[in-house]
Amino acid sequence: MSQAPSTSMSSSNFQSIFNAALKAYEKKTKKDLLAHPLAAQLQACNSPADILLVLQDKVKEFDQSRSADERLSRWLDPTIEVLYAFSATLGEGVGLIFSPAKVIFAGAGVLLLAAKDVKASQDTLIDLFERIENFFKRLESYTAVRPTDVMTDMIIKIMIEVLNIFAIATKEMKQSRAKMEDALKRLDKLTQEEARMAAAETLRLTHIITNGTPTRPTIGEQRRRHEMFVITLSFGRRIFNALAGNESRRSLREWVFPPDPSTNHNIACDLHHGGTAQWFFQGSMFGEWKSTGSLLWIYGKPGSGKTVLCSAIVQDIVALSEAGSASMAYFYFDFRDLNKQHIRNLLPSLLIQLSAQSDPRRDILSRLYLAHDNGEKKPRVAVMTQCLRDMLTIPDQRPIYIILDALDECPNSSGIPSPREQVVALVKDLVNLRLPHLHICVTSRPEFDIRATLGSLALHSVSLHDESGQKQDIVDYVHSVVYSDSETMMKKWREGDKKMVVDALSEKADGMFRWVFCQLETLRQCLPQSVRRTLNELPKSLDETYERVMMEIKKANQVHAYRMLQCLTVAVRPLSVAELAELLAFDFDVAKDGIPELNSEWRWEDHEQAVLSTCSSLITVVSVPDEESLVVQFSHFSVKEFLMSDRLAMSTGDISQYHISLGDSHTVLAQACLGFLLRDPDVANGADRAPLAQYAAEHWVTHA
């Protein structure tokens, strides 16, 4: 019987198709990829580590910032390993003098070089690499078992599409991203097709193995069936595990419903400047904490940069986590978000993060899920705490890092025990487990109740505002702002003015980044002739700084500003720009039966301008991942604290009118919500015309 011809690509066919792809690349980019100097460097590489070194040099040329280097390198390292191993798995069947892996990474390197001088290209590139990462992760399935001929053909098509994407990105980096998006959609479609083909191939092979042929198989056929059986088991197991794992993670997340700490983390990372906290990372204390299971407590006065340092620590540990040498879970307590202030918010977040990085830990959480009627019942805090202990005490684990920021923003005013006391007790409980692989880091103000417990538990502690390295970071930050600002009056200052500002702010900062930021906001508007006078009149503290901001609010805007500050203080969740602007359109002077009128003429077309028009130094507008609208929040915890303080209530003059009473503020927001729900004719016209509809419907009773 003659053997049926193979439907897969022969070595020559593959080479001709790949050569055609390289010519298409050259046509798009005007670059001969194999003749590029980078290609010669990659051709000389004999291992994934060699390739990584070459491409890391290109990353450094692309962007000198530490964050770009880390984010791109974290993508490159595992991807190189998978692609290199996959090329070896394909073997001579698709062999080229220049391997597929090296071609792909030559394209990536040329793209990095093309993008290095393009403004705002960093996020675009990282987004691109993360979008194609899913395909490379799927390739890992084929590094253990050689793919079948049919699957090899499909994967080669996908690799060529990746090369095409690099070509388009290299060409279009300075122009529209539309063509790149089209190419990414094609890649997504091919990847989905590959997944379906993998499942179909598994069924086909299973059928052949099960039914075989009616005649007695030869020894060669038996050997081939055994080989197909191994392949089928591998495919089936990997596909089943992937699908089951995804479904399990989704069910567990929906059950415990954790808040997302990455929103806080990303905002904090955006505040990094060149060399942020290098003094800390290069010091012996950080190295000792990373290598020894212990508690590191970082404390500092308001505005001393604790959250920014915490985000830098998370970024450092992320590299270990993504390399598979450690696990990490982090959480940011947040005075602006009720969903990030309690132990019942913290525990679900830690459990989900840790379970996602380990099958045994996920099994522990899954058993808890089953014990609660398959997720029909919610777990108690004590049960979740025990679940966390069980995860942490699994034998023979790699290092686990738990990082908690702003413990002082966890309330300490109500409940027995209070929310803060519960979290402090949890930290004490975890430290007392004395696990050599458990590393805990907590940042906070040095509040008495926190110091009383953490002060004795912490093997390492840092008083941030007293550290000489932190003070030098402030000097570097001020210097960077003053000498790089090209948008404000600073660009007109004389060299002597700039030096005077750097020296004065550095000397008076007292370890507080927040104080420096506020003074720079004022100084940026100063003409050269008024710089010295403004420096001589600088407020000495954050309280004085905030008082000065309030004194400068124009009389016509004072009621508007106060109502906005009231709403931000007691809002159940962060308010969007549109929601807050809508709240400011209520006329309380014509209230009927305590319900204010919504005056449509007071609605601003530009919501952001409506919000920022009075006291922009006290509030900020930020974007939140997965949210379409911008969110308004206090620019710092110390602002809300000052507004509610007795210090402000007892201030002399008009400044005391800005003191926030919680009862009065809840009343204002309840009245506005009811005014909206009962009287606004736009409610029936949909959310686009009525941005406050959802908040008012869900939360008016809470404020009432």
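Let me start with the surroundings of His265, which, once its neighbours within four places in sequence are left aside, is in contact with Ser311, Val314, Gln315, Tyr330 and Tyr332, where contact means heavy atoms within 4.5 Å. Before I go on, please keep in mind that this is a predicted model, in which local features need pLDDT of at least 70 and side-chain atom pairs count only at pLDDT 80 or more, while totals for chains, interfaces and linings use all residues. Residues are numbered from 1 along each chain as its sequence is written, and side-chain values use heavy atoms, with hydrogens and water left out.

His265 is found in helix α11, residues 262-269, and here helices (H or I, at least four residues) and strands (E, at least two) are DSSP runs numbered from the N terminus. With a relative accessible area of 5%, His265 is buried; the classes are buried under 20% relative accessible area, exposed over 50% and partly exposed in between, with a 1.4 Å probe and protein chains only.

The axes of α11 and helix α14, residues 306-322, come within 9 Å and cross at roughly 105°; these axes are lines fitted to C-alpha atoms, for helices over the stretch in contact, and angles run from 0 to 180 degrees between N-to-C directions. The two helices α11 and α14 are therefore roughly perpendicular to each other, on a scale where angles under 35 degrees count as roughly parallel, over 145 as roughly antiparallel, 65 to 115 as roughly perpendicular and the rest as oblique. On the α11 side the contact is made by His265, Ala268 and Cys269, and on the α14 side by Thr307, Val308, Ser311, Val314 and Gln315. Sorted by class, this contact of α11 with α14 has four nonpolar, four polar and no charged residues, given that Ala, Val, Leu, Ile, Met, Phe, Trp, Tyr, Cys and Pro count as nonpolar, Asp, Glu, Lys and Arg as charged, and the others, Gly among them, as polar.

Let me turn to helix α22, residues 513-523, which packs with helix α24, residues 542-551, at an angle of about 30°, their axes being 10 Å apart. It follows that α22 and α24 are roughly parallel to each other. The contact is made by Arg514, Trp515, Cys518 and Gln519 of α22, together with Leu542, Thr545 and Tyr546 of α24, and by class it has four nonpolar, two polar and one charged residues.

Which residues of α24 are buried? They are Leu542, Thr545, Tyr546, Val549 and Met550, and they lie on the same side of α24, because they cover an arc of only 135° around the axis, the arc being that of the directions from the helix axis to the C-beta atoms. These buried residues pack against α22 and also against α28, residues 637-643.

Helix α22 has a further partner in helix α20, residues 468-484, and the axes of α20 and α22 come within 11 Å and cross at roughly 15°, which makes α20 roughly parallel to α22. In this case Gln470, Asp473, Ile474, Tyr477, Val478, Val481 and Val482 in α20 meet Phe513, Val516, Phe517 and Leu520 in α22, a contact that by class has nine nonpolar, one polar and one charged residues.

At 44% relative accessibility, Asp510 counts as partly exposed. Ala406, in the loop between β3 (400-405) and α18, likewise has a positive phi, near 60°, and Ala406 is buried, with a relative accessible area of 4%.

Beyond α18, Arg434 lies in the loop between α18 and β4, and counts as exposed at 68% relative accessibility. The C-alpha atoms of Arg434 and Gly293 are separated by 7.6 Å, although the two residues are 141 residues apart along the chain.

Helix α19, residues 448-457, has the buried residues Ile450, Thr453, Leu454 and Leu457, which are put on the same side of α19 by an arc of only 90° around the axis. They pack against β1 (295-299), α18 (419-431) and β4 (438-444), whereas the face of α19 turned away from this buried side carries the exposed residues Phe448, Ala452 and Ser456.

As for the chain overall, its secondary structure comes to 31 helices and ten strands, and buried residues make up 50% of its 704 residues.
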